[in-house]
Amino acid sequence: MSKRVLVTGGAGFIGSHLCERLLQDGNDVICLDNFFTGSKDNIRHLLKNDHFELVRHDITKEYFAEVDQIYNMACPASPPHYQYNAIKTIKTSVIGVTHMLGLAKRCRATILQASTSEVYGDPKVHPQREDYWGNVNPIGIRSCYDEGKRCAETLMMDYHRQNGVDTRIIRIFNTYGPNMDMNDGRVVSNFIVQALQNHDITIYGDGSQTRSFCYVSDLVEGIVRMMNNPQKFIGPVNLGNPSERTILDFAKLIIEMTNSNSKIVYKPLPGDDPTQRKPDISLAKKELDWEPKVDIREGLTKTIEYFDRKIKENK
């Protein structure tokens, strides 16, 4: 059955893929974005679809519509972007989420919050399970994002308990794929863009820190399953790929796959950068029958092709 769906941050990397999937599933989609990190290029091909509506709006201001579902994806997600205006970042996660929860309450809509693995901070438990409360610095340079997302989860649960709002919480781990911003400062985009241009590949620290990379189509499948889960499982639930690798190994893989002449250079590790990141996805398997399907080389091939095309377009 067709639904009227609101996607905040719908012109962003993950949001744009989600909008496309929701349209394919036969829904009417309102894409809300203030274009701070989102791009019209990501959703330009959807504008001719009669079931798609684009609205320029910042969720720190109230928004009114009649909708059945809300996917709250709005918030800068890479350190350079969310640290650029730290106050605005935390406002998006607190004031913005409050506005979206108010809309969900009025419409009796189901609302899904895109939370993050950053709620675990620099974890002392490995891999990270949903019942781990995290190790977060509340006054560090990343806290505008980390603590903002933690507060957003609190708001979701309080609206659920106090007002009966149908809420869902997902915790997104490192995700990659087409529509990533070339300049977002994330490891996948940094490494691929540097390698394709034969520039030095920059590793912060000694490269022994680990990450787990999930291809965007796998993530979107998990997001949609969580929203439409008939068991009323509300989360939080980890969505990510449990295949862990060091940043140094990942850099070497990118160099190999791009046939690059890039050299690896090392720079100091930024403050509060987590040393390990790997999701335990047992809960997602149990409750959503979900796990990633796309192999790292398959996903990287598509991502490299995307960035290669973008680099050539910008010349």
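Predicted model: local features only at pLDDT ≥ 70, side-chain atom pairs only at ≥ 80, totals over all residues.
Biologist: How do H4 and H5 lie relative to each other, roughly parallel or oblique?

Modeller: Helix H4 covers residues 86–107 and helix H5 covers residues 143–163. They pack at an angle of about 15°, with their axes 9 Å apart. Angles under 35 degrees count as roughly parallel. H4 and H5 are therefore roughly parallel to each other.

Biologist: Which class of residue has 12 members in the contact of H4 with H5?

Modeller: On the H4 side, the residues that meet H5 include Ile-90, Val-94, Val-97 and Leu-101. On the H5 side, Ala-152, Leu-155 and Met-156 are among them. By class, this contact has 2 charged residues, 6 polar and 12 that are nonpolar.

Biologist: How do H8 and H10 lie relative to each other, roughly parallel or oblique?

Modeller: Helix H8 (residues 247–258) packs with helix H10 (residues 296–313) at an angle of about 60°, and their axes are 11 Å apart. Angles under 35 degrees would count as roughly parallel, and 65 to 115 as roughly perpendicular. H8 and H10 are therefore oblique.

Biologist: What is the handedness of the crossing of H8 and H10?

Modeller: The two helices pack at an angle of about 60°. Their crossing is right-handed.

Biologist: How many nonpolar residues are in the contact of H8 with H10?

Modeller: H8 brings Phe-250, Leu-253, Ile-254, Glu-256, Met-257 and Thr-258 to the contact. They meet Ile-296, Arg-297, Leu-300, Thr-301 and Ile-304 in H10. By class, 2 of these residues are polar and 2 charged, and the number that are nonpolar is 7.

Terms used. Residues numbered from 1 in each chain as written. Heavy atoms only, no water. Axes fitted to C-alpha atoms, helices over the stretch in contact; angles between N-to-C directions. Helix = DSSP H or I, 4+ residues; strand = E, 2+ residues; numbered from the N terminus. Parallel < 35°, antiparallel > 145°, perpendicular 65-115°, else oblique. Contact = heavy atoms within 4.5 Å. Nonpolar A, V, L, I, M, F, W, Y, C, P; charged D, E, K, R; others polar. Left-handed = near helix turned anticlockwise from the far one by under 90°.
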